[in-house]
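Subject: Structure handover

Dear colleague,

Here is the structure to be passed on to you. My notes on what was found in it follow below.

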Amino acid sequence: MFLEKAKSLRGEITVPGDKSISHRAVMFGALSRGRTEVRNFLQGADCLSTIGCFRELGIEIENREDVITIHGRGLDGLSAPSRILDAGNSGTTTRLISGILAAQPFETILTGDASIRKRPMRRIIEPLAMMGADIESMDGNGCAPLKIHGTSLKGIHYLSRVASAQVKSAVLLAGLYAEGETSVTEPVLSRNHSEIMLETFGARIRAEGNTVTISPRPCLEGRKIIVPGDISSAAYFIAAGLLVPDSDILIRNVGINPTRDGILRAARAMGGKITLLNEKHEGEPTADIHVVYSPLQGTVIEGDIIPALIDELPVIAVMAAAAEGTTIIRDAAELKVKESDRIQVVTENLSAMGCDITATDDGMVINGGSPLKGASILSHNDHRIAMSFAIASLIAEGETVIRDRECVTISYPDFYSDLASLCR
Ligand code: S3P
């Protein structure tokens with residue numbers, strides 16, 4: 001199957017539930033007492049990996065598509081798995097669950113697919129080891145498979161070098177079991193879904209600036225959670241609506257947490273006409289996002305905004321390719337350690353489409369405005385690359401073929417049919 005130039009995008013769409021929040025709902029539900037019901041859960045492969053791991057740890061989880069029910073057994077309710085835990089392609093599963101497993105009275109081996117086995121885990125092994133954890137990278141390369149020998153932990157104040165919600169959350173989850181308080185300070189505030197949801201479940205947690213502190217051994221209780229739409233999935237339609245002439249689309253019920261809304265800020269800085277409607281501010285804020293076609297200009301994306309749009313940078317690069325003038329993306333070296341090296345993979349694929357783009361150590365320089373041409377895109381099995389280049393194909397002359405396009409099942413199983421439903 002190939003993708004081709006679209007005349008316009010029109011209509012309404014509801015994107016699936018937020019990936020980060022869906023993972024956390026299962027994990028925190030498992031560690032709480034009683035039933036947790038999760039609506040609008042993302043049925044993507046990553047979140048199903050989290051469900052699979054917690055089932056292996058003895059938690060009963062019913063998945064009835066519209067509602068997930070987790071029969072939580074409290075902080076001490078996990079049991080030793082009878083086999084190796086498989087996190088699939090999911091960095092969030094691997095890193096967050098490690099914080100929990102580090103404190104269990106049993107040993108676990110945790111692994112994942114070829115991509116996960118290349119992703120850096122020292123960033124969680126080091127702080128967890130400072131808490132007393134015994135975690136071994138079995139191949140000695142700082143990556144999974146990890147052998148986690150559960151033990152008693154002590155609270156620390158961890159100064160993180162990276163703004164990473166996965167690192168922060170791993171340490172906070174270990175902190176649920178530690179002796180004394182645990183704090184994490186990060187250079188820039190990363191997504192704070194763990195903080196918001198842990199408090200909802202009854203944890204004692206306080207945030208002050210870029211520091212968050214958790215008290216140990218709370219009594220977590222099952223809750224009803226409604227997952228907002230994923231702004232990282234909405235980002236593809238935001239980009240498509242802005243890029244394809246004559247487009248006018250409404251994306252319903254999207255999470256607009258300020259630690260995640262960088263795509264809105266960057267798109268507006270590029271001249272994008274985006275309006276938020278029906279804003280709600282209970283727990284995780286949400287809104288409907290109205291997008292109309294807008295001629296875009298280049299911009300500079302750097303500094304504190306980066307963690308709030310880190311997963312959206314591939315599709316922002318596509319927007320930059322179509323924008324007049326130069327876009328500079330800096331301070332985004334983290335892109336190199338995502339599901340693929342997204343600096344290299346975006347640069348190669350946009351170059352193949354005829355864009356003037358240069359990779360840098362911590363980002364990209366994109367001289368936009370030249371017409372794109374269809375190309376054969378190597379997704380490297382990275383869902384965000386496949387979706388970003390499906391959007392690029394809508395404004396490219398000729399056919400675009402995306403290799404391993406089915407990798408979108410990681411975060412958005414119905415992506416291609418949802419996109420087709422808007423194309424005129
Ligand atoms: C996530 C945090 C981010 C993000 C990832 C999901 C999370 O990763 O890129 O897609 O759910 O905590 P880092 O913590 O590595 O920045």
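The count of disulfides (pairs of cysteine sulfur atoms within 2.5 Å) comes to 0. For C407, the closest cysteine sulfur is that of C47, and at 16 Å this is too far for a bond. C423 is in no disulfide either, the nearest cysteine sulfur being that of C407, 18 Å away. C407 is buried, with a relative accessible area of 6%, while C423 is partly exposed at 25%. Buried here means under 20% relative accessible area, exposed means over 50%, and partly exposed is in between, with a 1.4 Å probe and protein chains only.

A note on the source: this is a predicted model, in which local features need pLDDT of at least 70 and side-chain atom pairs count only at pLDDT 80 or more, whereas totals for chains, interfaces and linings use all residues. Residues are numbered from 1 along each chain as its sequence is written, and side-chain values use heavy atoms, with hydrogens and water left out.

Nonpolar cores

A nonpolar core is a set of buried Ala, Val, Leu, Ile, Met, Phe, Trp, Tyr and Cys residues joined through side-chain atoms within 4.5 Å. The largest one has 77 residues, of which F237, I238, I251, I391 and F415 touch the most other members. Helix α7 (residues 231-243) supplies the largest share of this core, 10 residues; helices are DSSP runs of H or I of at least four residues, strands are runs of E of at least two, and both are numbered from the N terminus. Beyond four places in sequence, I238 touches I251, I263, L264, I274, I289 and V291, contact being heavy atoms within 4.5 Å. A second, separate core has 65 residues, among them F28, L78, I100 and L146.

The ligand

A polar side-chain atom of T92 is 3.4 Å from a ligand oxygen atom. The ligand taken alone exposes 380 Å², and the protein buries 94% of that (Shrake-Rupley method, 1.4 Å probe).

D18

D18 sits in the loop between β1 (10-14) and α1 (19-30) and counts as buried at 3% relative accessibility. A polar atom of the D18 side chain lies 3.0 Å from the backbone nitrogen of S20, and one lies 2.9 Å from that of I21. Outside four places in sequence, the contacts of D18 include L42, H193, D230 and R260.

Regards

How values were computed. Polar contact = N/O pair within 3.5 Å; in protein donor to acceptor, adjacent residues only side chain to side chain.
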